[in-house]
Amino acid sequence: MKISGRTITITDEGTYILSGTLKNGMVIIDAEKTDKIQLVLNGAKISSSTSAAVYVKQADKVFLTTAANTKNKLSNGGTYEAIDDNHIDAVIYSKDDLTLNGKGLLKINAKSGHGIVSKDSLVLTGGRYVITAEKHGLSGKDDICIANGSYRITSGKDGIHAENDDDAAYGFLYISNGTFHITAEGDGISSSYFGQIEGGSFNILAGGGCQSSSSTSGQQTAQPGQTAQSVNFIQNPSEQNPFGKNPPDFKQPDTQTSASDDDTASTKGIKAAGNLWLDGGTFIIDAADDALHTNSSITIADGSYQIASGDDGIHADDSTIISGGTIDITQSYEGIEGKTVVISGGNVTLTADDDGLNAAGGADSSGFGAHKDSFASSEGVYITISGGTIYITASGDGIDSNGDLTISGGQTYVSGPSRSGNGSLDYNGEASITGGIFAASGAAGMAQNFGSSSTQGTMLVQTDAGSNGDHISLADADGNMLVSWQAKTDYDCVIISCPELTQGNTYALTAGNTSKQIEMTSLIYGQGSQFGNKPGGMNGGSRPGAMGGGRQGAMGDSNRQGAIGDGSRNKPDLTVDDNSN
């Protein structure tokens, strides 16, 4: 170890305990490439006006531990002057593997640059951290792995950022438990490869939020034969540093690498260029752009999510898969989006300014202003619902698939749209229902029913003008309640399907001021006729059961047997069976 002026250079393997105050100085670790170094902060305060407070130039691994019940602070004054060939730009800057742990508090203030940077692996396995940084709060090149700890991060760019521009197989993120409060002008959490989160508590504000869119584990023990060396800036340390076990091995899911987003204007809550896997935890996310985003596929297996987004609540360029958890999207442009959307479990409640569920092909180009996606292709595009409970309130289409739609289980309730031009259902391929409950109230102008491949009864019925707050219900001939829900928007038609709905029976529909007896003369009640070679389409689209181009004349005249089409389109008129009294 060398001390020159206010610069301490550690050159040998071992454990070093730092305490006291070092003003306008720095600690440099420049050891052999095989050396393991541990720094124990025991009430240490280190500031550098022109560089990093702690600079790991070379070592095998470095462990930075905060002693129990201590407060420690590292800071930079606002500039970074070159001292070698490395581009130092963080309060803690490491060229090699860096692990932080302990039971104490570490405050980091980066008036310029990042809070903590590792150009290799960055691992945090305990402790309390308060980080304020002009750029990224935490940054790891190969990976960032976090198990436990408390983190309060305020950053001018991303709160937690993993990225490797040199090797696309690195730059991944893994989090297992911990408490996170992140306020980031960029992304809250970002990974250039895959992201995996298994538990924890997250409160993330990204890009100013949606309104801005228009306890220790894993500590390292000293190696056999090593002794702890003390560096006391004011007085000798009064207690030894805490030691623990080695960091855990972090598993890697089977993922495919994708190109990462341009971070210059990215303000997403949690983002991964590769697959994003979420399995537990509590999330409160308020993001100017997508709250959860991946350029590949996202899987939500468990957890609680309260989301407000200036764009999509959940977005995947490939597949969005939800098998569990509780998801509450209180504000979004589109609620849940992907090339494919597969929901097999969980509880989902969402509000969307446009589509509630949207399946389309291509990459997302929305984010600011126009909210336009480049989704266009229908090949390999579909929405599948086989379980879970879903409540959708949408100003656009409730469920919109540029390909097929299949429902075989679960309970799905849709409110909206309230104006023509969109429908509770909108699909370009085939739509079938074979099980579960589906109930929707919305505008009649562009409404669609399920198609002829359905094996469960489904009805599409026009109602009197209904209002937000109306209770809608369907009962069988014996008065047994089959389906009941409350409309969250104005409406003038309903779509209902449930296992008890069978051909040949009569049912009582109540919707606001509307009371009707519906005789199921066919399994698909309200199915339209044909437009050319596409069943029930509007404007040439593939829309089985379409209900017309507007409220005027929608579903015919007052006796419900009138034409629904528009003769000026030079296409056959569309009719809907309605044998109500």
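**Close-ups of charge pairs, cores and rings**

**View 1. Aspartate 166 and lysine 141 meet in a salt bridge, 2.6 Å from N to O.** Here a salt bridge takes a side-chain nitrogen of Lys or Arg within 4 Å of a carboxyl oxygen of Asp or Glu. This is a predicted model, where local features need pLDDT of at least 70 and side-chain atom pairs count only at pLDDT 80 or more, while totals for chains, interfaces and linings use all residues. Residues are numbered from 1 along each chain as its sequence is written, and side-chain values use heavy atoms, with hydrogens and water left out. Both partners sit in loops: aspartate 166 between β18 (160-162) and β19 (172-176), lysine 141 between β15 (138-140) and β16 (143-147), 25 residues apart. Strands are DSSP runs of E, at least two residues long, and helices are runs of H or I, at least four, numbered from the N terminus. Aspartate 166 is exposed at 64% relative accessibility, whereas lysine 141 is partly exposed at 24%. The cut-offs for those words: buried is under 20% relative accessible area, exposed is over 50%, and partly exposed is in between (1.4 Å probe, protein chains only).

**View 2. Aspartate 97 pairs with lysine 61 in another of the seven salt bridges.** The N to O distance is 3.0 Å. Aspartate 97 belongs to strand β10 (residues 97-102) and lysine 61 to strand β7 (residues 61-66), so the bridge ties together parts that are 36 residues apart in sequence. Aspartate 97 is buried at 16%, but lysine 61 is partly exposed at 31%.

**View 3. Lysine 57 forms a salt bridge with aspartate 84.** Their closest N and O atoms are 4.0 Å apart. Lysine 57 is in strand β6 (residues 54-58), and aspartate 84 is in the loop between β8 (71-76) and β9 (90-94), 27 residues apart. Both count as partly exposed: lysine 57 at 33% and aspartate 84 at 21%.

**View 4. Leucine 100 is packed into the largest nonpolar core.** A nonpolar core is a set of buried Ala, Val, Leu, Ile, Met, Phe, Trp, Tyr and Cys residues joined through side-chain atoms within 4.5 Å. Setting aside residues up to four places away in sequence, leucine 100 touches Leu64, Ile92, Leu106, Ile116, Leu122, Val123, Leu124, Thr125, Gly126 and Tyr129; contact means heavy atoms within 4.5 Å. A second, separate core of 22 residues includes Val461, Ile472, Leu474 and Val494.

**View 5. Tyrosine 55 and tyrosine 93 make one of 10 aromatic pairs.** Rings of Phe, Tyr and Trp (its six-membered ring) pair if their centres lie within 6.5 Å; planes under 30 degrees apart are stacked, over 60 edge-to-face, and the rest tilted. This pair is tilted, at 6.1 Å centre to centre and 50° between the planes. Tyrosine 55 comes from strand β6 and tyrosine 93 from strand β9, 38 residues apart. Tyrosine 55 is buried at 1%, and tyrosine 93 is buried at 2%.

**View 6. Tyrosine 391 and tyrosine 413 are stacked.** Their ring centres are 4.9 Å apart and the planes are at 15°, so the pair counts as stacked. Tyrosine 391 lies in strand β37 (residues 389-394) and tyrosine 413 in strand β40 (residues 411-415), 22 residues apart. Tyrosine 391 is partly exposed at 40%, while tyrosine 413 is buried at 8%.
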